[in-house]
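Grab a pencil and work through the exercises below. Try each task yourself before you read its solution.

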Amino acid sequence: MVEKAAKKTKTPRVAMPEQDPQIRARNFLEVPTGYTMKMAQEEASRCLQCRKPSCVAGCPVGVDIPGFIDLIAQGDMTGAIRNLWGKNALPAVCGRVCPQESQCEGLCIVGRKGEPVAVGNLERFCADYERENGTGELPPRGPLTGKKVAVVGAGPSGLTVAGDLIVKGHDVTIYEAFHKPGGVLVYGIPEFRLPKAIVAQEVNFLERQGVKVECNAVVGRTVSIDELFEQDYDAVYVGVGAGLPRFMNIPGENYVGILSANEYLTRANLMKAYKYPDVDTPIPIGKNVVVLGAGNVAMDSARTAMRLGAESVKIVYRRSREEMPARNAEIHHAEEEGIELFLLTNPTKYIGNEKGRLTGMECLRMELGEPDDSGRRRPVAIEGSEFEVDCDLCIVAVGSGANPLLTSETPDMELNRWGNVVTNEATGKTTKKGVWAGGDIVTGAATVILAMGAGREAADSIHDYLELGW
Amino acid sequence: MFKIVKREEMSEGTVILNEIEAPLIAQKALPGQFVILKANEDGERIPLTMADTDPEKGTVTIIYMVVGKSTALFKELQVGDSFQDVIGPLGKATHLEKVGKVICVGGGTGVAVLHPITRGLKDAGNDVTCIIGARNKDLLIIEEQMKAASHDLRVCTDDGSYGHHGFVTEVMKEILDEGDTKLVVAIGPVPMMKAVSNITKEYDVETLVSLNPIMVDGTGMCGGCRVTIGGETKFACVDGPEFDGHKVDYDELMLRLNAYREEEQKSHDHYCTIRDAK
Ligand SMILES: Cc1cc2nc3c(=O)[nH]c(=O)nc-3n(C[C@H](O)[C@H](O)[C@H](O)COP(=O)(O)OP(=O)(O)OC[C@H]3O[C@@H](n4cnc5c(N)ncnc54)[C@H](O)[C@@H]3O)c2cc1C
Ligand SMILES: Cc1cc2nc3c(=O)[nH]c(=O)nc-3n(C[C@H](O)[C@H](O)[C@H](O)COP(=O)(O)OP(=O)(O)OC[C@H]3O[C@@H](n4cnc5c(N)ncnc54)[C@H](O)[C@@H]3O)c2cc1C
Ligand code: SF4
Ligand code: FES
């Protein structure tokens, strides 16, 4: 056994084939193209089937990782997907976008000496296999309860709640402000990382189970939460995400050519502006593009700009590479595609011409000083180091906060000082009776899997409430 | 789907009125609020103010000028056709209260936007004079409705083909000179709102304008609609669309409205080529 384990540790991980960087940097097709059955089984056989699997401890929703991997190794794909669904309603999404390197894979035993088992790739393979070859059979639905639940927001968190509660026999309607369901999965994360057809199919799966999806319903405007209760809803889940773009608040920010990442990515993804003029929504095409920020959102913006034909794309970030919040894989992909990193660089003002259009940006060089409250070394400006960067398009990806549209219309639901909804951590209950909340609107911008985990906990609590009371 | 139940062409076919089935929105909408419409799957999200609503019938009325590709596409839709998406009501409603003597100034399709506000101000017990303008008589819209919505209607045309020969600002000045005006509401092309605000500032009369920057979501989520009000950045879709006319940076708004001009021209040409080929 020990010998066998040592061998597995040394076997390299089966790499997932990817489009060539030169080619993919100019198209919107998905970058990694997926495992074949043979590759998946080979990778699955690297798993040691640990009795106390540390990977599972790293998974925010506790997926039975060795379990589903073993089923792949045996070739039981139906069993594998059922196993995954037990804990994770959106494996096709999570397999692609979860930060596995800091979750399951980060803790995998095999990874101590060699490369960890490719849990994410295997998860993706399972879900893709089911989508392409599966029976499409629906999970069994519990006896109808006659209880009505409204889910506000069709992001990963709301979709999870809807999926869990429909199976338990409740009547579920999702209210979504945009004209398409999916949340960040459709408006934020680009096609080349998460094909929109996959998200659409996940939503369709819920609809086939009986979930009703009302798009174009801005809760707080079209209808209020109290009005939902008047319409005989028994419980409401609020999963409206973190939809308020932050800007830099430096001079010149309203020049034409400066967009929030939310706007830029919504145009590109939700409105499909990369197909302009075959679709009607335009998107500014930058020649020299600067992206401010260094998280996943910044990487997605930069890689989109490159695909739209930019000559140069620079990521400007005031700290060093170590502190970049984006996933390593995304930074690596971006660099491969020719995106430059301008680290330890802080923009101080935008420069524009007489037509009010952006032409450049003034920046300061920084150096790392003493650690700050967050334990990261604080960037300090180097005096007199001002320099100019030419750019005609700047995408501001420095984070997003809580959008007050719904919460300001719901005064009896308590918020914290940043405007996020206050909930009971274990149940997701808000201070308003019959209302739960979860995902980015509670935690601030976080991850898909955390939003889904919060959704699952809330769904359990809502179910208890509907059966037993508040 | 949101069905068109009534359609009219005005202003020599450059301005179109659509009455659309949207019961949820019709029940909630207040004067000053807008909707976002999308014609079909590949369509653009276009903000338009509700010129009227009928909660009982469950309809909202929009009046829009055909200026580019999306509005040209809207123009093709006939009674019985549908918009794929209509979202609303969006934006803050106009604060309607009794202040006394009020002047409502409208230009172009801004007159349509002004209609429910004018009526609301009259219903709130104000003495409302309305001034509307157009380049010539044939381009004038909803004159009858505006007459009914106000106590006194004055019409101006740039070429003198009807009513006062000249700009709305000239007539407004005459009324301001009579004194007592408590509030001016101005809605129309940006240069008109700017001119009105410059004048009312001299008279120190509170002025409301309705801004129409480029929008995407209309829910405060993208920041594309940002405008500068008294030196501060605001999102017109949620903080507005109405603002204190004396504080608006109109020059910036005009520059930002032209952000996509080249792309839009291309798109419109592309659309016309395809349409004409059919
Ligand atoms: C560009 C980008 C890239 C990202 N990349 C990753 C990644 O690689 N991995 C990862 O794990 N996470 C990533 N994230 C973060 C992740 O997407 C979010 O944490 C997650 O989507 C949050 O889910 P949610 O359901 O809480 O909210 P959202 O996904 O934001 O969904 C909220 C939904 O509610 C709707 N809504 C808002 N207000 C209302 C209202 N008043 N009425 C009705 N509906 C409303 C919105 O339109 C939206 O559809 C990324 C985020 C962005 C923006
Ligand atoms: C809150 C709000 C309410 C509005 N209400 C009305 C209304 O009731 N009736 C009406 O006719 N219009 C209204 N508008 C303006 C309307 O949205 C635009 O005319 C429309 O988006 C143009 O789309 P298009 O594709 O046809 O033209 P485009 O191809 O987008 O533009 C054609 C030309 O119009 C200019 N333009 C683009 N966007 C706007 C804009 N938002 N405002 C003014 N000019 C613009 C462009 O610079 C270009 O020169 C409103 C706008 C807002 C933000
Ligand atoms: S820790 Fe690694 S080897 Fe162990 S069960 Fe999890 S994936 Fe398999
Ligand atoms: S239109 Fe997006 S924030 Fe106003």
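## Exercise 1: an arginine in a loop

A:Arg327 counts as buried, because its relative accessibility is 10%, and buried means under 20%. Keep in mind that this is a predicted model.

**Task.** Find where A:Arg327 sits in chain A and list what it is in contact with beyond its neighbours within four places in sequence.

**Solution.** 
- Step 1: Go to the loop between β8 (312–316) and α17 of chain A; that's the place of A:Arg327.
- Step 2: Skip the neighbours within four places in sequence, and you're left with A:Arg96, A:Val97, A:Cys98, A:Pro99, A:Gln100, A:Glu101 and A:Asn296 as contacts of A:Arg327.
- Step 3: Pick out A:Gln100, whose side chain makes a polar contact of 3.3 Å with the side chain of A:Arg327.

## Exercise 2: the buried side of a helix

**Task.** Work out which residues of helix α17 in chain A are buried and why they are on the same side of α17(A).

**Solution.** 
- Step 1: Helix α17 of chain A covers residues 328–336, and its buried residues are A:Glu330, A:Ile331, A:His333 and A:Ala334.
- Step 2: Those residues span an arc of only 160° around the axis, so they lie on the same side of α17(A).
- Step 3: Here's the general rule: an α-helix has 3.6 residues a turn, so residues three or four places apart point the same way.
- Step 4: Now ask what does the covering. Among the elements over the buried residues of α17(A) are α2 (21–24), α16 (296–307) and β9 (340–342) of chain A.
- Step 5: Look past the end of the helix too: A:Gly338 follows α17(A) and has a positive phi, near 95°.

## Exercise 3: the shell around ligand 1

**Task.** Describe the surroundings of ligand 1: how many residues surround it, and which elements of chain A each supply at least two of them?

**Solution.** 
- Step 1: Ligand 1 has 34 residues around it, and the closest are A:Val97, A:Glu176, A:Arg193, A:Val219 and A:Asp440.
- Step 2: Sort the shell of ligand 1 by class and you get 20 nonpolar, 10 polar and four charged residues.
- Step 3: The elements of chain A that each give at least two residues are α11 (156–167), α16, α18 (404–407) and α20 (448–468). The biggest giver is α16(A), with three residues.
- Step 4: Check some atom pairs. The side chain of A:Glu176 has an N or O atom 2.6 Å from an oxygen atom of ligand 1, while a nitrogen atom of ligand 1 is 2.9 Å from a backbone N or O atom of A:Val219.
- Step 5: Finish with the cover: ligand 1 on its own exposes 1,000 Å², and the protein buries 93% of that.

## Exercise 4: the shell around ligand 2

**Task.** Now do ligand 2: which residues come nearest, and which element gives the largest share of the shell?

**Solution.** 
- Step 1: There are 24 residues around ligand 2, and B:Pro47, B:Met65, B:Thr71, B:Asn212 and B:Arg261 come nearest.
- Step 2: By class, the shell around ligand 2 holds 13 nonpolar, seven polar and four charged residues.
- Step 3: In chain B, β4 (46–54), β5 (59–65), α2 (69–76) and α9 (261–277) each supply at least two shell residues. The largest share, four residues, belongs to β4(B).
- Step 4: For atom pairs, a polar backbone atom of B:Met65 is 2.8 Å from an oxygen atom of ligand 2, and a polar side-chain atom of B:Thr49 is 3.1 Å from a nitrogen atom of ligand 2.

How values were computed. Residues numbered from 1 in each chain as written. Chains lettered and ligands numbered in written order. Predicted model: local features only at pLDDT ≥ 70, side-chain atom pairs only at ≥ 80, totals over all residues. Heavy atoms only, no water. Near = heavy atom within 4 Å. Polar contact = N/O pair within 3.5 Å; in protein donor to acceptor, adjacent residues only side chain to side chain. Nonpolar A, V, L, I, M, F, W, Y, C, P; charged D, E, K, R; others polar. Buried < 20%, exposed > 50% of the residue type's maximum accessible area, 1.4 Å probe, protein only. Arc of directions from axis to C-beta. Contact = heavy atoms within 4.5 Å. Areas by Shrake-Rupley, 256 points an atom, 1.4 Å probe, with all protein chains shown as cover.
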